[in-house]
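I opened a new structure today.

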Amino acid sequence: MIPNTLKFLDISHNNIAQLYLDGTSIEEVQANNNQLTMIPSVGNAFFKKINVANNKITEMRIPSEGGCFIFCYYTLAPNIEWIDISNNLLQTFNATSSGATKIKYLDLRGNTNIKSLSDLYTSSGTVVTQSEA
């Protein structure tokens, strides 16, 4: 069990395949270079920064600010600001307009299989469409 007082979690360079962060107050997660196949399950966790580079993640979603109540696998916390999901097996990136407004940094490099990239609204309100990405 992760203590509620923990703000930073670094589990990089392990052989971790699943990570559940429900009910924590963690703000930053470093989980790069593992065996993750999905974004860490967030439940009611509200982290702002996540590094999941060099894993085996195929899909990612950012829900609206109301959160995610069912089918939360592959879903990030809605107040996420910094994401490094480079060098994964990403095929889908879906960010709803009201859920992606806080993103300041997004690294999708090395995901050569991306088939679907939804319109992404940046923190300044600018829309980045699939053809621009």
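I started at His13, which I found in the loop between β1 (8–10) and β2 (28–30). Strands here are DSSP runs (E, at least two residues), numbered from the N terminus. His13 has a positive phi of about 60 degrees, although it is not a glycine. I looked up its exposure: His13 is exposed, at a relative accessible area of 59%. The classes are buried under 20%, exposed over 50% and partly exposed in between (1.4 Å probe, protein chains only).

This is a predicted model, where local features need pLDDT of at least 70, side-chain atom pairs count only at pLDDT 80 or more, and totals for chains, interfaces and linings use all residues. Residues are numbered from 1 along each chain as its sequence is written, and side-chain values use heavy atoms, with hydrogens and water left out.

Next I checked Asn87. It lies in the loop between β5 and β6 (92–95). Asn87 is not a glycine, yet its phi is positive, about 55 degrees. Asn87 is partly exposed, with a relative accessible area of 38%.

Then I turned to aromatic rings. I counted Phe, Tyr and Trp rings (the six-membered ring of Trp) as paired with centres within 6.5 Å; planes under 30 degrees apart are stacked, over 60 edge-to-face, the rest tilted. The count comes to 1 aromatic pair. The ring centres of Trp82 and Tyr105 are 4.7 Å apart and their planes meet at 15 degrees, so I noted the pair as stacked. The pair links distant parts of the chain, 23 residues apart: Trp82 is in strand β5 (residues 82–84), Tyr105 in strand β7 (residues 105–107). Trp82 is partly exposed at 24%, and Tyr105 is partly exposed at 31%.

Key. Helix = DSSP H or I, 4+ residues; strand = E, 2+ residues; numbered from the N terminus.
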